[in-house]
Amino acid sequence: MSINPVHVIGGGLAGSEAAWQIAKAGVPVVLHEMRPVRGTDAHKTDGLAELVCSNSFRSDDAETNAVGLLHAEMRLAGSLIMSAGDAHQVPAGGALAVDRDGFSDAVTKKIEAHPLITIQREEVPGLPPTEWDQAIIATGPLTAPSLAQSIAEATGADALAFFDAIAPIVHFDTIDMNICWFQSRYDKVGPGGTGKDYINCPMDKEQYLGFVAALLEGQKTEFKQWEGTPYFDGCLPIEVMAERGVETLRYGPMKPMGLTNVHNPSVKAYAVVQLRQDNALGTLYNMVGFQTKLKHAEQVRIFRTIPGLENAEFVRLGGLHRNTYINSPTLLDPSLQLKSRPGLRFAGQITGCEGYVESAAIGLLAGRFAAAERLGQAASRPPPTTAFGALLNHITGGHIVSDDEPGKRSFQPMNVNFGLFPPVEAPRNEGKRLRGKDKTVAKRHAITSRALADCRQWLGLPAQAQAAE
């Protein structure tokens, strides 16, 4: 009996991985890649899985790093991207970096050689035709304008973003709550709120003036020529606001009105930095109104001068750059399928994940889901305790809706990180509680060991034998 193919649009990391997983399951694939028929402003070749920025897949440490854990899970799942990366690794300390040309050539040759994969070099100008009853859009942040327009028309005017305006996100347990406190401005109780929905970091006048000066002096990144300068008043970088006058931030995102410091009620803060819960687990908080073009090292240096954030660990740092992505939690079901059109899935950066490995991982999941459906099987979703599951949950529903800022997109792209996993209790050492760095390392080991065990079970692999004592 012949099996109808699954169509995959986009031959980047996500599309290549999706096509590979589908073919591995015994289902034919048509992979549509528009290069070289139509190029992009960033790509230089017509190779599949071309790396257009860094050549690093970041940390390969599967015990204490979330992306390293994702590497390990992808290897367990037979990832093409990881096998090609491992085969073309170049020295990079504890990171996995690859020879970009060798890596792309390896992926291209594997895809071309697979008997169930057909590559069609053509632009798909709009949404897949309805006769493509199983299809995956994996076109990345540089989606062709005509396809992007079709997606926008099909999903709604506010469902597709073309620029990523991101505020830094902080691990909650690295915020000093002996300095900061929970309170909404004027104790306002919004929908689903308690009147204590923000973490507040107070500044006196000297601290505020020093902070503004540091923003103005800090090194900034520039837009690439093809990005343009998409500033609009709703998401001005904080350093641009600071350039408009030294008091501007005090009347914008850092206004102190309606707030009383529970640690020192008689002293009114000159300015306040607020952080808002960013995920449903309550493990991550974003810095309200702090989108920025400061370089990453400068952000860490300057933001750690904010009282209460001296030891903050940043899940991600701020930015403002070209990035086409959809409002996935609203549009997609837990199998990455467009709710309004069953059979059409999205994968890769267009879903709202960041990073090469994360994009490939979502391609892997979309491919497995599509293949299962084509074969008449249930799409088995990874447990939320795995890196696969944590990333999928962020994309399809782990965010917090912002009720107090109508029209604001609360969903933002993100790398995989431990803040996306269900919490674990840190193991004790001979009955004693661990503290500081020892506690952090122990918790990460607990998360990763749980994740790998659950991932092996999800994939139907035998449990890993325990190391001999």
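**Entry 1. Salt-bridge network**

I began with Glu 33, Arg 35 and Glu 50, which a network of salt bridges links together. I count a salt bridge where a side-chain nitrogen of Lys or Arg lies within 4 Å of a carboxyl oxygen of Asp or Glu. I note that the model is predicted, that local features need pLDDT of at least 70 and side-chain atom pairs pLDDT 80 or more, while totals for chains, interfaces and linings use all residues. Residues are numbered from 1 along each chain as its sequence is written, and side-chain values use heavy atoms, with hydrogens and water left out.

**Entry 2. Individual salt bridges**

I found 12 salt bridges in the structure. In one of them, the side chains of Arg 58 and Glu 358 meet at 2.6 Å, N to O. Arg 58 lies in strand β3 (residues 56–59) and Glu 358 in helix α10 (residues 356–374), so this pair ties together parts 300 residues apart in sequence. Helices (H or I, at least four residues) and strands (E, at least two) are DSSP runs, numbered from the N terminus.

I then looked up accessibility, where buried means under 20% relative accessible area, exposed over 50%, and partly exposed in between (1.4 Å probe, protein chains only). Glu 358 is buried at 0%, whereas Arg 58 is partly exposed at 28%.

Glu 298 forms a salt bridge with Arg 301, with the closest N and O atoms 3.0 Å apart. Both belong to helix α8 (residues 296–303); because they are three residues apart there, about one helical turn separates them. I recorded Glu 298 as buried, at 13%, and Arg 301 as partly exposed, at 47%.

Glu 313 and Arg 444 meet in a further salt bridge, at 3.2 Å, N to O. This pair links distant parts of the chain, 131 residues apart: Glu 313 is in the loop between α8 and β14 (314–316), and Arg 444 is in helix α12. Glu 313 is partly exposed at 31%, and Arg 444 is partly exposed at 22%.

**Entry 3. Annotated binding site**

I consulted the UniProt record, an unreviewed entry, which lists Gly 10, Gly 11, Gly 12, Leu 13, Ala 14 and Gly 15 under "binding site". Such annotations may be inferred rather than shown by experiment. Gly 10 sits in the loop between β1 (6–9) and α1 (13–24) and is buried, with a relative accessible area of 8%.

**Entry 4. Positive patch**

I noted a positive surface patch formed by Arg 428, Arg 433, Arg 435 and Lys 439. Patch residues have over 30% relative accessible area and no salt bridge; like charges are joined within 9 Å, and nonpolar side chains (Val, Leu, Ile, Met, Phe, Trp, Tyr) within 5 Å. Arg 435 is in the loop between α11 (387–396) and α12 (436–459), and is exposed at 66%.

Terms used:
Areas by Shrake-Rupley, 256 points an atom, 1.4 Å probe, with all protein chains shown as cover. Lys, Arg positive; Asp, Glu negative; His and termini not counted. Charge placed at Lys NZ, Arg CZ, Asp CG, Glu CD.
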